[in-house]
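My notes follow in the order in which I checked things.

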Amino acid sequence: MIGKHSATLHGHRTSFTLEDPFWQELKSIAKSRGIPLARLIAEIDDNRAPEGNLSSAIRLYVLAWVKARAEAAGVSRVIEP
């Protein structure tokens, strides 16, 4: 399922759309890093390409995070359930 989410970034409200697995993983990443979810979203927004949108940037961040953790654990490829 896809859900619409909102965040305040640098004093202005913005919204983005994410599939539930990406949303859950994003929240998990923030928790594991010990930072508020809003701060993680702001970091992703600050580092995204100007032509990209926030939803895509978040998906790419989550994918990179999961791949990096899999590689660190010695998993060469993530297999879907």
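Entry 1, a histidine. I looked up the contacts of His5, where contact means heavy atoms within 4.5 Å. Not counting residues up to four places away in sequence, His5 touches Thr14, Ser15, Phe16, Leu18 and Trp23. I found His5 in strand 1; helices (H or I, at least four residues) and strands (E, at least two) are DSSP runs, numbered from the N terminus. His5 counts as buried because its relative accessibility is 13%; buried means under 20% relative accessible area, exposed over 50%, partly exposed in between (1.4 Å probe, protein chains only).

The model is predicted, so local features need pLDDT of at least 70 and side-chain atom pairs count only at pLDDT 80 or more, while totals for chains, interfaces and linings use all residues. Residues are numbered from 1 along each chain as its sequence is written, and side-chain values use heavy atoms, with hydrogens and water left out.

I noted a mean pLDDT of 90 for the protein, with 93% of its residues at 70 or more; pLDDT is the predictor's confidence in each residue, from 0 to 100. Confidence is lowest in strand 1, at a mean of 89, and highest in helix 1, at 96.

Strand 1 and strand 2 run antiparallel and are joined by 8 bridges; two strands pair if DSSP finds at least two bridges between them. His10 lies in the loop between strand 1 and strand 2 and has a positive phi of about 55° although it is not a glycine. Most residues other than glycine have a negative phi. His10 counts as exposed, because its relative accessibility is 60%.

Helix 1 covers residues 20–33, 14 residues in total, and reaches 20 Å from its first C-alpha to its last, close to the 20 Å expected at 1.5 Å a residue. The expected span is 1.5 Å times one less than the number of residues. Which residues of helix 1 are buried? They are Trp23, Leu26, Ile29 and Ala30. They lie on the same side of helix 1 because they cover an arc of only 120° around the axis, taken from the directions from the helix axis to the C-beta atoms. The face turned away from the buried side carries the exposed residues Pro21, Lys31 and Ser32. The buried residues of helix 1 pack against strand 1 (2–9), strand 2 (12–19), helix 2 (37–47) and helix 3 (54–72). Gly34 follows helix 1 and has a positive phi, near 70°.

I listed Leu40, Ile41, Ala42, Ile44 and Asp45 as the buried residues of helix 2. The largest nonpolar core has 18 residues, and those with the most contacts inside it include Phe16, Leu26, Ile41 and Leu54. Such a core is a set of buried Ala, Val, Leu, Ile, Met, Phe, Trp, Tyr and Cys residues joined through side-chain atoms within 4.5 Å. The largest share of this core, 5 residues, comes from helix 3. Not counting residues up to four places away in sequence, Ile41 touches Ala7, Leu9, Phe16, Trp23, Leu26 and Leu54.
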